[in-house]
Amino acid sequence: MTPQNPTPSRTAHIRALALRDPAAAEAPLAALLADLFAIKPLNLNINLDQYSLNSLNGFFDTPDGAFFFKFHQEEGEEGMAGEYYRADILARAGLPVDQPVLMSTLPGEQILIYRRRDEPRFSDVLRTLDLADDTAQRAIAVAAERQLSQRLSATYRDTLHPISPEQAAAEPIHRLFHERLIDRAPYAFPGGRYRDFYVGQRFPLPGHVLEWADLSTRRFTVNGATYASTLGELFTAAEERLRPEHLADAGGVVAHGDAHNANVWFSREGDGARLSYFDPAFAGEHVPSLLAEIKTSFHNIFAHPFWLYEPALASEWFSAEMALEPGRLIVETDWRLSPIRAELLAVKAREVWRPLLADLKSRNMLPPDWRQVIRLGLFLCPTLVMNLRAGVRAHTEISSLIGLCVAVMVGSAPVEGDDTVTRFLEAIDPDRRPGL
C-alpha cells in the first residue's frame, strides 16, 4: 500500500531529532506513521544502533500485531526522481527478500513497515564473531554467506544486460556514491557531503592537526606500503569516472544495491542458517554492474572490525600512530581484518565478483579500467557514509586515522608490492587463475 498524496518531507527532521533526543522524536514519528498509513502506533520505540548512519529504525505495536519500521534518509531527498523501495524487483529475480506490509515511496518520506521478526540481523551475528571468534559459528555464518552469494551470482548472470546512459543515470543507487560528491542545481564539485565533511576542515589526528588542503595532497605510507594516489586525487577521479551516465559501459543487473549486513536477516535452520534481504531502498533493474556489490563488499568486510560503526571500541582494540615527512603521511597501525571478515572477503571474491567479471568479459562488457571503478566505489563508501573527522560525530583521532588509511588502501594501489585489496583484485581478475 503506497500513499498517493505527497506531503512535505518530515523524515530528515525526525532523524535529526532522534540523534539528539530519541524520546522527543517519537511523537512526530507517530504522527507521520498515522498520516501515511492511517494507523495508530503504540509502544513506539526508536532503535539507535551503531549501523543507523543514514537511517532510522525501531518497533511499534498495533491491534494487528508487532511491527518493525525503517527508513533511509538522504540530504535533498525531497527532490529525488525515480522509484524507491522496490522489493518486488528482487523477489521477481528470485532473491530472498522480506516483503513489507506497508510502504511509502514518497521522496523524503520513504518508509517501510515489516512484521516484527525475532531473528538477529547478520551484522549482529558477525559482530559477535569479531568480539570472540568461534570456529563452529564462523563456519555457519560463512556457509550462509556462500549460499546467498551463489544465488546472487545466478541473479546477476540471468539479469545482466546492456543499459543506456539514461537507464544507468536513473537508478537510485547513485545517491550512495556520485551524488554525495556534488551539488545538483547548479552542478558543483566539490559539493554535497564531500565539501561539507572535508573541504576547508581541520583534522585532529594522533599528535597532529592537519588542514584538508595539506592532508588531501599527502601520499599515505601505511605499515611500509606507500599508496599511489592522494585523498584529493581519489575524490577527483571518483567525480569523473563514477558519473552515473559513465557507468553504463559495464551493463546493468537486478540488485539490492545497499545490502550491508544490517539489512540482512539471519535465520537459523537446523544446523545451518539462511540469509534474506530487507530495506531495498536502492534496488533496481538496471543497476550498473560494477556498483552492484560495492556497498556489500566494503561495509560487510573492510568497515570492520569496529572502526566505522563503533569508533570508540576500535580505538580500544587497535592503535595507530603517525609521522609527517615532506608530502607524506607515515602510519603504523595494528588494525586488520578479523578471521570472519577475511573469510567473507574470500567468499565474495570467489562466488560473486569473479563470476560477474567473467560474464562481463565473455560478453565484451568489461571496461579496461574495471579495477579503478571498483576501487573508487569502495573509496566513497567510508568517506561519504559518515564524516571521518575526529570529534564531529563518533570518530576518535585513532579511528579517524585508521579510517583514512583504509579509504586510501581500498581506493589506490600501492606503489610497490601488494596488500589485501590488490590480492582481492588479482583473485577476481577473469584473466588470471582463481585463488585468494
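Biologist: Why is Asp 429 called buried?
Modeller: In this predicted model, Asp 429 has a relative accessibility of 8%. The term buried requires a value under 20%, so Asp 429 counts as buried.

Biologist: How do you know that Asp 429 and Arg 432 meet in a salt bridge?
Modeller: The distance from N to O between their side chains is 3.6 Å. A salt bridge requires this distance to be within 4 Å, so the pair qualifies. Shared partners then join Asp 429 and Arg 432 with Arg 371 and Glu 426 into one network of salt bridges.

Biologist: What makes Arg 432 partly exposed?
Modeller: Its relative accessible area is 43%. Buried means under 20% and exposed means over 50%; Arg 432 lies in between, and is therefore called partly exposed.

Biologist: How do you know that Asp 418 and Arg 423 meet in a salt bridge, and how exposed is each of them?
Modeller: Their side chains come to 3.2 Å, N to O, which is within the 4 Å limit, so this is a salt bridge. Asp 418 has 47% relative accessibility and Arg 423 has 40%. Both values fall between 20% and 50%, so both residues are partly exposed.

Biologist: What makes the pair of Asp 279 and Lys 70 a link between distant parts of the chain?
Modeller: The two residues are 209 residues apart: Asp 279 is in the loop between strands S14 and S15, and Lys 70 is in strand S3. Asp 279 and Lys 70 are both buried. In the whole structure there are 35 salt bridges.

Biologist: Why is Thr 422 called buried?
Modeller: Thr 422 has a relative accessible area of 12%. This is under 20%, so Thr 422 is buried. The residue lies in helix H15, and beyond its neighbours in sequence it is in contact with Arg 375 and Pro 414.

Biologist: Which helices do the buried residues of H15 pack against?
Modeller: They pack against helices H10, H12, H13 and H14. Besides Thr 422, the buried residues of H15 include Val 421, Phe 424 and Leu 425. At the start of H15, a side-chain oxygen of Asp 419 reaches to within 3.1 Å of the backbone nitrogen of Val 421.

Biologist: Which residues have the most contacts inside the largest nonpolar core?
Modeller: They are Leu 215, Phe 298 and Phe 302, in a core of 113 residues. Beyond its sequence neighbours, Phe 298 is in contact with residues including Trp 307, Leu 378 and Val 410. Apart from this core lies another, of 21 residues, among them Leu 44 and Ile 113.

Biologist: What makes Lys 40 exposed?
Modeller: Its relative accessibility is 66%. Exposed means over 50%, so the term applies to Lys 40. The residue is found in the loop between helix H2 and strand S1. Lys 40 is in contact with Asp 61 and Thr 62; the C-alpha atoms of Lys 40 and Asp 61 are 8.5 Å apart.

Definitions and conventions
Residues numbered from 1 in each chain as written. Predicted model: local features only at pLDDT ≥ 70, side-chain atom pairs only at ≥ 80, totals over all residues. Heavy atoms only, no water. Helix = DSSP H or I, 4+ residues; strand = E, 2+ residues; numbered from the N terminus. Buried < 20%, exposed > 50% of the residue type's maximum accessible area, 1.4 Å probe, protein only. Core = buried A, V, L, I, M, F, W, Y, C linked by side-chain atoms within 4.5 Å. Contact = heavy atoms within 4.5 Å. Polar contact = N/O pair within 3.5 Å; in protein donor to acceptor, adjacent residues only side chain to side chain. Lists of a residue's contacts leave out its neighbours within four places in sequence.
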